[in-house]
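Dear colleague,

Please find the structure below, together with its sequence. My notes on it follow, and I would be grateful if you could read them alongside the model.

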Amino acid sequence: MQEDPAGERKKYPQAALLLIPLLILGFVLVGVGLYHGRGPGSMTLPTRAVVAASPLPSSAISVVDVAGDGVGVVSGPATPWAVAGGPGEPTAVPTPEPAMTTPPALALALLGPPGGSVFQAGDVVTFYWSSPELSGGGRQFVVYLLNGDERLALGVVDKENLGLGYQLQAVPGQSVGQAGNYGWVVVLEDNSTGAIIGQSEIRSITILEDN
């Protein structure tokens with residue numbers, strides 16, 4: 001017994017109608033699965049064009065690390081010496097204060113006797129001098145006989161006694177007690193402190209033994 005071909009053709013459209021929703025559901029499920037499987041982070045970013053970096057102009061200054069200087073390349077001002085406390089900054093050297101000097105003593109002019117004068121041990125010798133500063137007011141003139149490092153005072157004058165000048169009479173031979181070559185000098189002193197205010201040159205004098 002043969003089947004009716006027309007009956008079979010009537011069944012095909014109904015089957016096709018059932019398959020279409022299944023296909024659509026399958027496509028939806030596959031799309032959802034692919035979306036969750038890849039996620040946002042797995043999306044491939046579009047390829048960007050690689051731009052080659054332009055070379056620096058030849059006028060650009062390059063930083064060079066000098067070997068052996070103990071200092072690496074430090075980013076900062078072009079001149080590291082301008083940085084306070086940076087490498088190479090000159091060390092400040094304190095300027096020494098000028099030393100305090102003692103002002104020179106006032107020069108006294110000797111009038112006599114002349115240098116190299118010779119006297120007997122018992123002779124009375126008169127010493128003459130002048131001074132731009134007057135005696136008095138706690139100041140006095142002292143005539144010294146010099147014997148090496150020893151200084152012997154022959155006398156003191158505390159006021160003018162030769163017009164505007166000064167004189168002192170003394171026996172040098174008696175002060176030293178022996179003949180020899182000596183020196184003499186006149187000094188203006190502060191009699192309370194002993195500070196020297198003025199001083200004359202040193203002149204030589206010779207003392208001989210009495211005949």
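**Findings in the model**

Arg-151 is placed over the face of Tyr-144, 4.0 Å from the ring centre; a charge is taken to sit over a ring if NZ of Lys or CZ of Arg is within 6 Å of the ring centre and within 35 degrees of the ring normal. The model is a predicted one, in which local features need pLDDT of at least 70 and side-chain atom pairs count only at pLDDT 80 or more, whereas totals for chains, interfaces and linings use all residues. Residues are numbered from 1 along each chain as its sequence is written, and side-chain values use heavy atoms, with hydrogens and water left out.

**Overall arrangement**

The protein chain contains two helices and nine strands, where helices (H or I, at least four residues) and strands (E, at least two) are DSSP runs numbered from the N terminus. In order from the N terminus, the elements run α-β-β-β-β-β-β-α-β-β-β. Of the 211 residues in the protein chain, 23% are buried; buried means under 20% relative accessible area, exposed over 50%, and partly exposed in between, with a 1.4 Å probe and protein chains only. Among contacts (heavy atoms within 4.5 Å) between residues at least 6 apart in sequence, 60% join residues at least 24 apart.

**Strands β4 and β5**

Strand β5 (residues 150-157) pairs with β4 in the antiparallel sense over seven bridges; two strands pair if DSSP finds at least two bridges between them. The bridge partner of Asn-147 in β5 is Glu-150. The two strands form a hairpin with two residues between them, and Gly-148 in the turn has a positive phi of about 65°. Most residues other than glycine have a negative phi, and most peptide bonds are trans.

A cis peptide bond runs from Gly-112 to Pro-113, with omega near 0°. Pro-113 belongs to the loop between β1 and β2 (117-120).

**Nonpolar cores**

A nonpolar core is a set of buried Ala, Val, Leu, Ile, Met, Phe, Trp, Tyr and Cys residues joined through side-chain atoms within 4.5 Å. The largest one has 23 residues, and those with the most contacts inside it are Phe-127, Trp-129, Phe-141, Val-143, Leu-145, Trp-184 and Val-186. At least two residues of this core come from each of β1 (106-112), β3, β4, β5, β6, β7 and β9 (203-208). Strand β7 provides the largest share, four residues. Another core, of five residues, lies apart from it and includes Val-142, Tyr-144, Leu-146 and Val-187.

**Aromatic pairs**

Rings of Phe, Tyr and Trp (its six-membered ring) pair if their centres lie within 6.5 Å; planes under 30 degrees apart count as stacked, over 60 as edge-to-face and the rest as tilted. Four aromatic pairs are counted by this rule. One of them is the tilted pair of Phe-127 and Trp-184, with 4.7 Å centre to centre and 55° between the planes. Phe-127 lies in strand β3 (residues 125-130) and Trp-184 in strand β7 (residues 180-190), so this pair ties together parts that are 57 residues apart in sequence. Phe-127 is buried at 0% relative accessibility, and Trp-184 is buried with a relative accessible area of 0%.

The pair of Phe-141 and Tyr-166 is tilted because the ring centres are 4.4 Å apart and the planes are at 50°. Phe-141 in strand β4 (residues 139-147) and Tyr-166 in strand β6 (residues 166-170) are 25 residues apart, and their pair links distant parts of the chain. Both residues are buried. Together with Trp-129, Phe-141 and Tyr-166 form one aromatic cluster.

Ser-131 is in the loop between β3 and β4 and counts as buried at 12% relative accessibility. Its side chain reaches the backbone oxygen of Glu-133 at 2.7 Å. Beyond its neighbours within four places in sequence, Ser-131 is in contact with Leu-106, Leu-108, Phe-141 and Tyr-166.

Leu-110 belongs to strand β1 and is buried, at 10% relative accessibility. Its C-alpha atom is separated by 8.5 Å from that of Val-185, 75 residues apart along the chain. Leaving aside neighbours within four places in sequence, the contacts of Leu-110 include Trp-129, Trp-184 and Val-186.

With kind regards

How values were computed: A polar contact is a pair of N or O atoms within 3.5 Å; within protein, one must be able to donate a hydrogen and the other to accept it, and residues adjacent in sequence count only if both atoms are side-chain atoms.
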